[in-house]
Each structure stands twice: as structure tokens, then as C-alpha cells.
Amino acid sequence: MPELLLLYESASGYAILQRTEFEEIAQEEEAVQAAVLDPKLFSKMVTLKSFHAFTTAEEALEEINAVALAEPSDGLMNFLETNLPKKAKTYQLGVADKALAEALVASNIPAVISNSVRELLRGVRHHFDRFVKSTGLTKEILEKAQLGLGHAYSRNKMQFDPNRQDKPILNTIALLDGLDKNINTFAMRVREWYAWHFPELTKLVTDNVIYAKVAMMIRMKDDFDCDGRRDELAELVGDEDVADQVIKALKISMGQDIVDYDMQNIDNFANQVVKLSNMRATLSAYLKSKMDTVAPNLRALVGELVGARLIAHAGSLTNLAKYPASTVQILGAEKALFRALKTKGNTPKYGLIFHSTFIGRAAAKNKGRISRYLANKCSLASRIDCFSTVSTSIYGDKMKDQVEERLLFLSDGTTPRRNLDVMIEAREEAEAEAANKKTKKKKKKKEKGSPKTSPKSSPKKRPAEEAAEEPAKKKKKKE
């Protein structure tokens, strides 16, 4: 009968334990369950054979991540090859995870998993501080290591899990909507207030932010230096003709004079408009980077704003991925849908995806077809982003090309490519990109691990070069 060895992965290191006593299979589970509560009985049943301690917290996190992914690391394989018997028929290695057992069996290590093995590992976990007491690890040290590794493991999972990063997208898109409303309100007040002093500027400058900046620059029209600050005004407006028109209107303006106290309040509101617009630009850049991380294919297909609104309306990326294409098509038009069902009228053709450029470019008779096709692609893209382990935007780019081809088909009759061919092409490109990333990572690791050559050391000369230098050396000696 082969001996039973146990592999236990702790926060402090790997341990191999040996089952010293053997009983019949029918009585084994009951005996182990009774022995788990008694440390003396369990110490007679299981003994520590070897222990490999982790040197750093980074190594512990890396090893535990490998165990969780059922991919045995080089450190674990070296530890097992060193401490396990050479003949595989003479032992069995008990592990707690089925996927890890299959990976070890593929590496020619006879790993097993059973109820008795689970009970034994439960006892090892309960009394592990007694087994490693001789190595200098106390119970307090083990608890601190478990707490630190648990926090690091959770942070790592939260960092790389896209399903946990969609909450900032919901907050960002809500903030953008609120900022748009505040910018419009403040800009409208600035226009109405400053129009009493300079009404002609309203028609000359239409952009709200530029209007606020121009109002802050001109302030009192009588005090503005038209000749000296013309270039500055032209740079701010972005057009020399508009700047000339503003200066011309300044000289013949019909606005009434205002006091300096009123101008201070106008400056205050105009400054708020500029600050809010800068904040909006920063949030837009943040939203784009977040969408590249969480939903790169959805962003490549419909853009970051429409994709973020779809995720926010669904509640999360996972909820959006579970929706069928017909639901994605009318997200945001629920009131119109229920009103149509109640009055037995025509149901809406699109909801939030109406803001996509594809719907605007389609003809009136083809808007419903394009919205249905686009909703289908959005549903596929969200599922790829949610459940794929590799982050790439190749599928979204290919789907965008398919929607372009569908637009041409509806307008000109051009035959589009088959969906199967496009997806096979996208999969090949995604696999090639993943392979390139792996090779780059390996090169970086090799460059970091290779020793640096000192600048003083010169390369060794070849034998031919040494032979050519010998006559010259002899001449120098004779001289």
C-alpha cells in the first residue's frame, strides 16, 4: 500500500506531511474527525516531513496566486521534486483542490483528493502551529502572515477583476451629467448678466466656455485695450475675424455701464464655468482610460460615453452582459416601451444607443435595422469584456467594421463579410497579440535577471587579432 503524503499551502510556506497511521477506509473518516479535536492524537496520526518557507510577501502572493489558478509554479515543483520519493508508485500526494490535483497529475505526480484527505488537511490547518514550532514560527507570526497575505490577495483580485471596476464608471458618468447641467446653468446666467453690458458678444461667441473666458478678459469695455490685446483675444477666440468683429462691436456697443462690484460677480461665475469645464475634460479622460480597462471592446464599438451609459443603466457590466440584444436595444426607452404596450402602439426602435454615430448616419428607413444590428454587437462585446480573461479591443474593432459594412449594404447593396470569418480573424489576431505580450514579459524578466557587465572590462580578443598584434609588439621591444 503506497504511503499517503499531504501537501499544505500556508501563508508562510509549503509543507509536506506524512500520514503515520493507517486504518481501514470505512473507519478512517470517523477516526480523523475525532482526532482533529485532540492535538495529541492528531500529532501521532500526521507528522511534518519537510517545510519550505516563503522569503518575502511578494513571493507568498505569487505562489498563492499560482495555486489558486491551478498552475503549479517553479518553486512548488522544485520543492515537490526535492522532497517526494523518486518512484511515483510508492506514494500518493493528497491535495485540497481538484484543479490543482489534475495539474499535478499532468506533471507525473500522483495527486489524489478524497474526503479523508480533506479531513486530514482540516486537522493540519487547525494544528499547523504545532507542526512548524521547531522552525521558529509561532502562532502569532502565522496569524500575521495569514492576515497580510489575505489583504494582499484581495487587493490583487480587486485590481485585476474588471467586474469590480465598473463602479467608478457609474459614478463618473453621473458626475459628467451633473457637470453638464451645472455648466449650462452657470453659462446661461453669465450670458444674461454680461449681456446687459456687452449684448453683441452673445451672437459673436457661441461656445459657453470661450464666452466666459472672453468676458473675463474684456471685463469693462471702456477699459479694454483693443489695439494692444488684439492678438491675445484672437488666440483665445481661435479666429482673427471673430476677434476683429468683437473689437468692432466693442466700439459701437449699445450696452449699459455696470459698476465694478457687479463685474466681480460676473467674473466669479465665469471662473466657475471655466473650472467646471476643465473638471469635465479631466473626468472624460479618466472615463476613457477606465473603459479601456473594463470594457475595451464595447468602447471600441460605440465609444466611451455610450458604453458607459449602457453599463450605468444596466447597473454593472455583468448585468449588461446577461441582457439579450433586444433589451440592450431599448435600454433607456422603458417609458416609451410600456406606453406603447399599454396603448398597443409601435414600440421604440432604440434607446441609449441612439446617441451612437451609426444611428445618425443611417437613413430614416434603416435606423431600426441598424439599431437592432448594433444592439446585437453591443451584447456580444459586453459578454467578451465581462467573461474574457485577456483584455483586448480587437473584437470591438472588428465589430465596428462589421457595422460599417452593414451601413454600406443597406445604402449601396455591398455584400458584407460573414460573421464567422470575421470572428475567426479576430481570434487569431487576439492570440497573436497575447503571444507577443508573453514573449515581451519573458524578455524583460531575462534582462532583469542577467548580470550587468562592468564598463571597465574589455571584450576578449580573438586568436587572429592576437596573432596580428605580435609582430608590432616585437618591434617595440627591439626599439
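The model is predicted, so please read it with its cut-offs: local features need pLDDT of at least 70, side-chain atom pairs count only at pLDDT 80 or more, and totals for chains, interfaces and linings use all residues. Residues are numbered from 1 along each chain as its sequence is written, and side-chain values use heavy atoms, with hydrogens and water left out. Helices (H or I, at least four residues) and strands (E, at least two) are DSSP runs, numbered from the N terminus.

- Five strands form an open sheet in the order 3-2-1-4-5, and their pairing is mixed; two strands pair if DSSP finds at least two bridges between them.
- At the edges lie strand 3 (46–53) and strand 5 (111–112), each of which pairs on one side only.
- Strand 1 and strand 2 are antiparallel and share five bridges, and a hairpin of three residues connects them.
- Strand 2 also pairs with strand 3, again in the antiparallel sense, over seven bridges; here G13 has A53 as its partner in strand 3.
- Six of the seven residues of strand 2 are buried, which leaves the strand mostly covered; buried means under 20% relative accessible area, exposed over 50%, and partly exposed in between, with a 1.4 Å probe and protein chains only.

**Helix 14 with helix 16**

- Helix 14 (residues 260–294) and helix 16 (residues 304–314) have axes that come within 10 Å and cross at roughly 70°; axes are lines fitted to C-alpha atoms, for helices over the stretch in contact, and angles run from 0 to 180 degrees between N-to-C directions.
- The two helices are therefore roughly perpendicular to each other, a label for angles of 65 to 115 degrees, while under 35 counts as roughly parallel, over 145 as roughly antiparallel and the rest as oblique.
- Their crossing is left-handed, meaning that the near helix is turned anticlockwise from the far one by less than a right angle, with clockwise giving right-handed.
- Helix 14 contributes L287, K288 and M291 to the contact, and helix 16 contributes E304, L305, G307, A308 and I311.
- By class, that contact has five nonpolar, one polar and two charged residues; Ala, Val, Leu, Ile, Met, Phe, Trp, Tyr, Cys and Pro count as nonpolar, Asp, Glu, Lys and Arg as charged, and the others, Gly among them, as polar.

**The surroundings of helix 16**

- Buried residues in helix 16 are V306, G307, A308, L310, I311 and A314.
- These buried residues pack against several helices, including helix 9 (167–195), helix 15 (296–302) and helix 21 (367–387).
- G315 follows helix 16 and has a positive phi, near 105°.

**Helix 12 with helix 13**

- The axes of helix 12 (residues 230–237) and helix 13 (residues 240–251) come within 8 Å and cross at roughly 125°, so these helices are oblique to each other.
- This crossing of helix 12 and helix 13 is right-handed.
- R230, L233, A234 and V237 of helix 12 meet E240, V242, A243, D244, V246 and I247 of helix 13.
- The contact between helix 12 and helix 13 has seven nonpolar, no polar and three charged residues.

Key:
Contact = heavy atoms within 4.5 Å.
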